Amino acid sequence: MSLLQLVDFSDNSSFFLPPAIYSLATHVSSDNYLGLTDSKMLHLRHVSRSFRHAVILNPQADIDLIRKFKKLRTFLALGNLERSEQINDSFFVKFQLLRLLDLNRAQVDNIPNRIERLKFLEYIDLSGTNIKELPVAITSLLNLEALIFENCEKLTELPEKIYNLVQLSCLGIDVNSKLQSIPDLSRFPNLRTLGTFIVYRSEDNILDMLGNLKKLRGALGISRLENVLSEEAARRALLKEKKDVRKLHLHWSTTSELGAEQPDQSLILQVLEPHANLRELQISGYCGLNFPSWIEDQSCCNLIVLPSSSLVQPAGGIWDNSLSPEDNQVNPM
């Protein structure tokens, strides 16, 4: 039996750690791990300055309390950090040894250019923040491997020099991203994880970038599929060759720059056949008249989850719109 127990089927990132194992882990890590649960923790003045990992669990936490821990390698804000004014120039000057910076859902609307001081930073998560732009200085972080900005509704563009991040292996973009364009992904040779590929313009070769990413794995989304011009353009995505992609989300928006010239969505979906290794499939915004043959004949024989759809009746009776996504499971052939 695994020490980590999955709690919520719909969220693979949610796990339960048995109390005994949790107690052991906290004891072993007590000299390196600091959890800030209160807005003010006066006892911090008496603890060692050798902490390497800090987790902020209180939205009102005073980050100034941990500024003396200059050797921090990890900073996680798990409590929807509200005191965003503390993520300032001084913060980045104090914690120059950080490897991981997670500000997911923190109430932050600006990242100072002093972030360039974090020369060792490998992972940064800005998801759910109110940032309108990424600082140009972030492109100087040459050790950065993961840049995640999902659900950043005000972010519309990326820095021009983002290509400097040659070590980037994870670029976290969500299907509802407001980005007006995406960089030439072929210039990131180590890219393994791409949250979403955005079809941001209607050109025959727009999906060539996605097709050329041979090493993608895990979850992948393709958004604004209404901008795909033709079946041939869709075929360039080469989804059937991406054997390590396990979860796929195909997303059509409600508007299209093609207008009346938009091709039949069912024809586009037909050629977006994934590799047989795919485990989960999600389709949203789809207005085609039927689902493709590769769903009907179960060409993707390893699928275990098919999301419900209220838009069309499925081919072959595989999809039951009255069931939840958890209940729409297919037994592997």
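This is a predicted model: local features need pLDDT of at least 70, side-chain atom pairs count only at pLDDT 80 or more; totals for chains, interfaces and linings use all residues.

I began with Glu-280 and Lys-247, whose side chains meet in a salt bridge at 3.9 Å, N to O. Helices (H or I, at least four residues) and strands (E, at least two) are DSSP runs, numbered from the N terminus. I noted Lys-247 as partly exposed, with a relative accessible area of 36%; buried means under 20%, exposed over 50%, and partly exposed in between (1.4 Å probe, protein chains only).

Residues are numbered from 1 along each chain as its sequence is written, and side-chain values use heavy atoms, with hydrogens and water left out.

Next I searched the whole structure and got seven salt bridges. One of them joins Arg-236 and Asp-208 at 3.1 Å, N to O. Arg-236 sits in the loop between helix H4 (231-235) and strand S13 (245-251) and Asp-208 in helix H3 (residues 208-211), so the pair ties together parts 28 residues apart in sequence. Both partners are partly exposed, Arg-236 at 30% and Asp-208 at 24%.

I also found Lys-214 in a salt bridge with Glu-241, the closest N and O atoms being 3.6 Å apart. Lys-214 lies in the loop between H3 and strand S12 (218-223) and Glu-241 in the loop between H4 and S13, so this pair ties together parts 27 residues apart in sequence. Lys-214 counts as exposed, at 53% relative accessibility.

Then I turned to a sheet. I traced an open sheet of eight strands in the order S3-S4-S5-S6-S7-S8-S9-S10, with parallel pairing; two strands pair if DSSP finds at least two bridges between them. Strand S3 (33-36) and strand S10 (193-194) stand at the edges with a single partner strand each, so one side of each is left without a neighbour in the sheet. Inside my notes on pairing, S7 (residues 123-125) and S8 (residues 146-148) run parallel and are joined by three bridges. Tyr-123 stands opposite Ala-146 in S8.

Terms used: A salt bridge is a side-chain nitrogen of Lys or Arg within 4 Å of a carboxyl oxygen of Asp or Glu.
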